[in-house]
Amino acid sequence: MMITRSPRHDMMMIGVFALVVLTMPIWLAPFGAAYPDLLQKFVIFGIMAVGYNILFGLTGYLSFGHAAFLGVGSYSAVWMFKLFTMNVIPAVIIGTLMAGVFAVVIGYVCLRRSGIYFSILTLALAQMCYNLAYSVLTPITNGETGLQIRPTDPRIIDAMFLEPTERVPTTTLFGIDMTGYGGFYFCAVALIITFFISVRIFRSPFGLKLRAIKSNQNRLNYTGINTRPYLLIAFVISGMYAGLAGSLLAVTDPLAGAERMQWTASGEIVLMTILGGAGTLFGPILGAWIIKYFENIFSAFNDGRLHEIFSFLPDTLESIAVGISAQFVGEGWHLTLGLMFMLIVIFLPGGLIEGFNRIVARLRPGQARRRAPAVEEKEAS
Amino acid sequence: MSLFKKEISRRSALKGASAFAGSAIAAPLVFSKGAWAQEFLNDPGDSPTVTLGFNVPQTGAYADEGADELRAYELAVKHINGEGDGGMINTMTPTSLGGNGLLGKRVEYVTGDTQTSADEARSSARRMIERDGVIMFSGGSSSSVAIAQQSLAQDMGVIFMNGLTHSNDTTGKDRRRYGFRHFFNAYMSGLALGPVLADQIGTERRAYHLTADYTWGWTQEESIVNTTEGLGWETVETVRTPLGAGDFSQYITPVLNSGADVLVLNHYGRDMVNSLTQAVQFGLRDREANGQNFEVVVPLYSRLMAQGAGENIAGILGTTNWHWTLSDPGSQAFVASFGQEYGFPPSQAAHTCYCQALLYANAVEMAGTFYPPEVIRALEDFEFDGMGNGPTLYRGGDHQCFKDVLVVQGNPDPTSQFDLLQVVQEVPREQVTYPVDFFEGELGPYEVS
């Protein structure tokens, strides 16, 4: 059994989480990450990871196809912008719902199998979606070039209220521009709401059933419980989370490309979840933030920047230090990420959250003894 | 009483009114001049430095090109700042560059990895614009990436100087006011290559196309098919291959029995190296079909690719934007300073990126401001010479450069590891120029904020 936490504790946790997310532009500044594009990516992929965790973290079903829902969300949102209005609300709603519809279809097919067969089926179906978007459905998706907003689009609702302009319009929320910090706060609110929903699911009887599926599905079947509806609901919820993330990507940067649906994008979500700690509440978000940080900040370091960092060293040492570390930044950022991932999987199978718990246990030995079983229980669940 | 009472005469009233009216008219001018300078994104203002962003593929199928582009940008920044030997600044005419930075500000730069993907490129570009405050960004390889960045440039109001991008769409249907291309395009390749193909391998040919499956591949295939069918060739089949496929054997086997006698490889970068090497390994070039020698054509060639494909390229025809063996003073100066810096000659990707950086810098000096609409107006219809391609025009109607195109051939006996291509013909600019409305497209407005 999970240690049951009081609702008050949960609300406090969500409050702290909301504070952390909303103050990101302040506390990320020293890390060189406080600019709208990356902040938006942080919260959007946070939503993605929270949703993925509902499926993978709770039921243990490893889906390799979530990028497809992300893509569906993006394409639907951009089409809403093109056809109806640049207001983001309809785009977000339709993007999420469309991903839900896709999730019902794909989930219905894939959930007939479990384990590795389920993973392969989702991978295959997602890759199929990608190839369709890339080639056959080019009239809808604009293929590899990606779906873009043009000044000549109809935008029926906007056309009724606004004067047509020559320039490409930007996405708005009733007049608030959604491409800069406005977009970040919009996505941040979405992340806090979805995180709240995820906490409620984790604490609910439904969440308990999902955990039961992970620990022993056969036993559940023998007790007379049909697990498939629960699995399908979990799959659809996490697909809709991905669709929401996809439509938010389109909100902050109105362009949808097929590469968002490629299997490497699905793999990235799996990496995020495992890196942070699958099945924990914060872990996947943490994983998403770290991977996005590496992808955007480490890949931009060049030799000049390294020389600045190591300038406190004597000249010869400096060039040696720069020479070695240059292999791990810039174009070598994949290497750093790979190494970190290996170390974490080998030494901290529970992800970064496990590492964090261990440190806390070290620092507070008295409390740790009391809490340690709870922690283990949580990981095993 | 009258001592204190100031009479308001007609004269003083008029004086006061006219002064007030005058200042009322002048005031907006004073304010708007300040506002006009403030209004654009990432205005360097009084800062002693100005930042440029270089967004190139450091990973993926075009990584070699990206690395060479970055070297060229670093060299260009040095020359703009007045370090090194100045390179093409000395040969460019007309030039406003004095080797003292941009409008007296020292040029700094930031770099990013596009990963040859539109999403990543845009997010990297937004980092440069939003965090690092770049006043211009530039980069290349892969047209879909270039087009995605160009539309971002238009949205945000920061100029984007295209690096290596060869698709017709970049300055065709996806042209943008804030995007500029120095490189030539697939349509020009077709116009230049046609007569040489007819001359060297005949007009009775059956062609089989393998095409990289994205905007550049599609437009190049279309252009080459149009040109060759105009010569009397027949197109047997056109097959799309995914970008970065690695193994092309499944696409090459069907060529053998297709009845074709020419294979056109619409591939670039490592894709071209792999597909060409495999085509040669399959013995395509030793075959005879329809009573003629089997030929391979690579419409877009570069020395880096030739280096990767080794001796397989001997005798293969294609076009290129520029080659380091050209003997004009501009090319010589660039090759000399690039060679001195890095120890080997630059590629065409390096050349076009270097030129773009200098052209932007020159336009800023000409405009006397960083305000993008003014810089754009300075670049539009700018006619220049001494940058390696002869007299060149930056056409204002579509932001495409028009200059001579080189038709090249793989060198059958190279004298060094860099002497891999020989120039067959320098096709003059008039022959590759097309009307501005040949491709339909809208540049969009100058002012975006």
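User: Why is A:Thr141 called buried?

Analyst: In this predicted model, A:Thr141 has a relative accessible area of 4%. Buried means under 20%, so A:Thr141 counts as buried. The residue lies in helix 7 (residues 138-141) of chain A.

User: Why does B:Val364 count as buried?

Analyst: The relative accessibility of B:Val364 is 0%, and the limit for buried is under 20%, so the residue is classed as buried. B:Val364 is found in helix 11 (residues 348-367) of chain B. Beyond four places in sequence, B:Val364 touches B:Leu102, B:Leu103, B:Thr369, B:Phe370 and B:Val375.

User: How do you know that strand 1 and strand 2 of chain B pair?

Analyst: Strand 1 (residues 49-56) is joined to strand 2 by 8 bridges. Pairing takes at least two, so these strands pair, and they run parallel. B:Asn55 stands opposite B:Gly112 in strand 2.

User: What makes strand 2 and strand 5 of chain B edge strands?

Analyst: The open sheet of chain B has 5 strands in the order 2-1-3-4-5. Strand 2 (106-113) and strand 5 (179-181) each pair on one side only.

Note on methods. Residues numbered from 1 in each chain as written. Chains lettered and ligands numbered in written order. Predicted model: local features only at pLDDT ≥ 70, side-chain atom pairs only at ≥ 80, totals over all residues. Heavy atoms only, no water. Helix = DSSP H or I, 4+ residues; strand = E, 2+ residues; numbered from the N terminus. Buried < 20%, exposed > 50% of the residue type's maximum accessible area, 1.4 Å probe, protein only. Contact = heavy atoms within 4.5 Å.
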